[in-house]
Amino acid sequence: MGNKTILVTGGAGFIGSHTTVVLLEQGFDVVIFDNLFNSKASVIDRIERITARRPSFVQGDIRDRDALARVFESFPIDAVVHFAGLKAVGESVEKPLLYYENNIGGSLNLYEAMGAAGVKRLIFSSSATVYGESNPTPYFEDFPLSCTNPYGWTKLMNERILRDLCAADPAWSAALLRYFNPGGAHRSGLIGEDPAGIPNNLLPYAAKVAAGRLEKIHIYGDDYDTADGTGVRDYIHITDLARGHVLALDYIEGRPGAAAINLGTGKGTSVRQIIAAFEKACGKKLPAVVDPRRAGDLPQTYANADLAKKLLGFETNFGIEDICADIWRWQQFALTLDS
Ligand code: NAD
Ligand code: WQD
C-alpha cells in the first residue's frame with residue numbers, strides 16, 4: 001500500500017484526523033476537505049507533528065459543487081474516505097432539513113464529483129444507528145435496518161444510494177463502515193475529540209468531569225436489564241477505528257459493489273464500567289448521580305465483529321482502559337489549547 005492520494009472529507013474532525021494520521025503513516029498522500037464547522041485548522045499542524053508529514057488542506061463545503069470539482073481537478077485523487085457530516089442526533093430531530101441538506105445533499109454532490117472525475121472508490125462513515133431499535137444484540141450486518149431520527153436516516157439513505165450506485169456501475173466499489181461508539185484519542189495526546197459546549201456523549205462528558213469542567217456524571221438509568229442496570233455499548237478506540245478504514249481501502253480495491261461492515265469490538269461495556277475505567281485513568285473518584293433514562297436510548301448495543309475480521313483482517317488492539325487513559329491525556333493537552 002501507499003503512494004496513493006486519498007481525499008478525506010471531514011478530515012479535520014475527530015475520526016477524520018485520526019484516519020489521516022494512519023494514512024500518512026502508511027505512505028498515502030492525503031487531501032483533507034473540511035468546512036471547519038466542527039473542527040479547527042490547527043489540527044493540521046498537530047497531524048504534522050505526529051507524522052512528520054503534512055496533509056494538503058482545502059477549506060470547503062461538500063454542499064459547494066464547484067469547490068468539490070476544483071479538488072478533483074487539483075489533486076490526483078485515487079479514493080475517498082467520506083466523514084464530512086453533521087452528527088448530533090437531538091439536533092437532527094429539531095433541524096431535519098439541515099441534516100438532509102448537509103448529509104444527503106452534500107454526499108450526492110460528492111458522489112457526482114467523484115463520478116465525473118472517474119474516482120469510484122469510497123469508504124463511507126455509517127453508524128450502528130442503522131440497526132434501529134428492534135434487533136437483538138449482537139448486531140450482524142445482514143439484520144433488517146431502520147432508524148429512529150433524521151441523523152440515522154441520513155446514514156441509512158447514504159447506504160442505499162451507494163448500493164444503487166454500485167449496482168448501476170460496476171466500476172464503483174464502496175465500504176459502508178458501521179461504527180459503534182468511537183472513543184479515545186491519539187496516544188501522543190495531540191489530537192482527540194473536542195466537542196463544543198456540553199458533550200452529549202458519555203466519554204467526553206466523563207473527561208470534562210475529570211478535568212473539573214463539569215460537576216458530575218449523570219448516569220442515564222440504572223434499571224436496564226443489563227448486568228449492573230446501566231446502558232451497555234461497544235466502545236472502539238479511535239486508532240483501531242482509523243486503522244479499519246485503511247484496511248477497507250485495501251479491501252475495496254478491485255472489488256465492485258458495496259459492502260456493509262461493522263467496526264466494533266464485539267464486546268459491551270456498561271456506563272458504570274466506563275466510569276470505573278475513567279477513575280483509574282485519572283486517578284481520582286468521579287462524582288456521579290443516577291438520573292432517569294434518556295429518551296430513545298437502548299439498553300445495550302454491540303457488534304458482531306466477525307465480518308470485519310474475515311473481510312478486512314481487522315481486530316482491535318486497544319480496550320476500554322486505553323480509551324480512557326488516552327482521552328485523559330488528550331483532555332489535559334486540550335485544556336492548554338483553550339487557555
Ligand atoms: P466530527 O464532527 O468531529 O467530524 C466531521 C467533520 O466534518 C468536521 O470536521 C466538520 O467540520 C466537517 N463537516 C461537516 N459538514 C461539512 C460539510 N458540509 N462540508 C465539509 N465538511 C463538513 O465528527 P466525527 O465523530 O469525526 O464523525 C465523522 C463521521 O463519522 C460523521 O459522518 C459521523 O456521522 C460518523 N459517525 C460518527 C460516530 C461518532 O460517534 N463519532 C459514530 C458513527 C458515525
Ligand atoms: C452511551 C451510554 C447512555 C451520556 C451516540 C449516538 C450514535 C453514535 C454514537 C453516530 C448510553 C449513557 C450517556 C451521559 C450516560 N453516533 N450516558 N450519561 O447514545 O450510544 O450513541 O453516539 O452515529 O448514533 O446516538 O452514545 O455516549 O451518548 O451514550 O449515562 O451523560 O452512556 O445512556 O447508555 P450512544 P453516548
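**Note on the aromatic pairs, ligand shells and salt bridges of a predicted model**

1. The structure holds six aromatic pairs. Rings of Phe, Tyr and Trp (its six-membered ring) are paired if their centres lie within 6.5 Å; planes under 30 degrees apart count as stacked, over 60 as edge-to-face and the rest as tilted. One of the pairs is formed by Y131 and F143, which stand edge-to-face with 6.4 Å from centre to centre and 90° between the planes. Helices (H or I, at least four residues) and strands (E, at least two) are DSSP runs, numbered from the N terminus.

2. On the basis of the coordinates: this is a predicted model, in which local features need pLDDT of at least 70 and side-chain atom pairs count only at pLDDT 80 or more, while totals for chains, interfaces and linings use all residues. Residues are numbered from 1 along each chain as its sequence is written, chains are lettered from A and ligands numbered from 1 in the order in which they are written, and side-chain values use heavy atoms, with hydrogens and water left out.

3. Are Y131 and F143 buried or exposed? Both residues are buried, where buried means under 20% relative accessible area, exposed over 50%, and partly exposed in between (1.4 Å probe, protein chains only). Y131 and F143 also belong to one aromatic cluster with Y139, F140 and F180.

4. The shell around ligand 1 consists of 27 residues, the closest being D34, N38, S39, K87 and Y151; a residue belongs to such a shell if one of its heavy atoms lies within 4 Å of the molecule. By residue class, this shell divides into 11 nonpolar, 11 polar and five charged. Here Ala, Val, Leu, Ile, Met, Phe, Trp, Tyr, Cys and Pro count as nonpolar, Asp, Glu, Lys and Arg as charged, and the others, Gly among them, as polar. At least two shell residues come from each of α1 (14-25), β5 (121-127) and α6 (150-168). The largest share, three residues, is that of β5.

5. Which residues make polar contacts with ligand 1 (pairs of N or O atoms within 3.5 Å)? A polar backbone atom of I15 is 2.8 Å from an oxygen atom of ligand 1, and a polar backbone atom of F37 is 3.0 Å from an oxygen atom of the ligand. N102 takes part through its side chain, with a polar atom 2.8 Å from a nitrogen atom of ligand 1. Taken alone, ligand 1 exposes 820 Å², of which the protein buries 94%. Accessible areas come from the Shrake-Rupley method with a 1.4 Å probe; for residues, only the protein chains shown count as cover.

6. Around ligand 2 there are 17 residues, with S127, Y151, H218, R233 and D297 the closest. Their division is seven nonpolar, seven polar and three charged. Strand β8 (residues 217-220) gives the largest share of this shell, three residues.

7. The polar contacts of ligand 2 include one with the side chain of N181, a polar atom of which lies 3.0 Å from an oxygen atom of the ligand. A polar backbone atom of H218 is 2.6 Å from a nitrogen atom of ligand 2, and a backbone N or O atom of Y220 lies 2.9 Å from an oxygen atom of ligand 2. Ligand 2 exposes 690 Å² when taken alone, and the protein buries 85% of that.

8. The structure holds 25 salt bridges, each a side-chain nitrogen of Lys or Arg within 4 Å of a carboxyl oxygen of Asp or Glu. Among them is the bridge between D326 and R187, at 3.1 Å from N to O. D326 lies in helix α11 (residues 320-338) and R187 in the loop between β7 (181-183) and α7 (202-210), 139 residues apart, and the pair thus links distant parts of the chain. D326 counts as buried because its relative accessibility is 1%, whereas R187, at 41%, is partly exposed.

9. K95 is bridged to E91, with the closest N and O atoms 3.8 Å apart. K95 counts as partly exposed at 41% relative accessibility, and E91 likewise at 24%. E315 and K309 meet through their side chains at 3.6 Å, N to O. E315 is partly exposed at 45% relative accessibility, as is K309, with a relative accessible area of 47%.

Methods: Polar contact = N/O pair within 3.5 Å; in protein donor to acceptor, adjacent residues only side chain to side chain.
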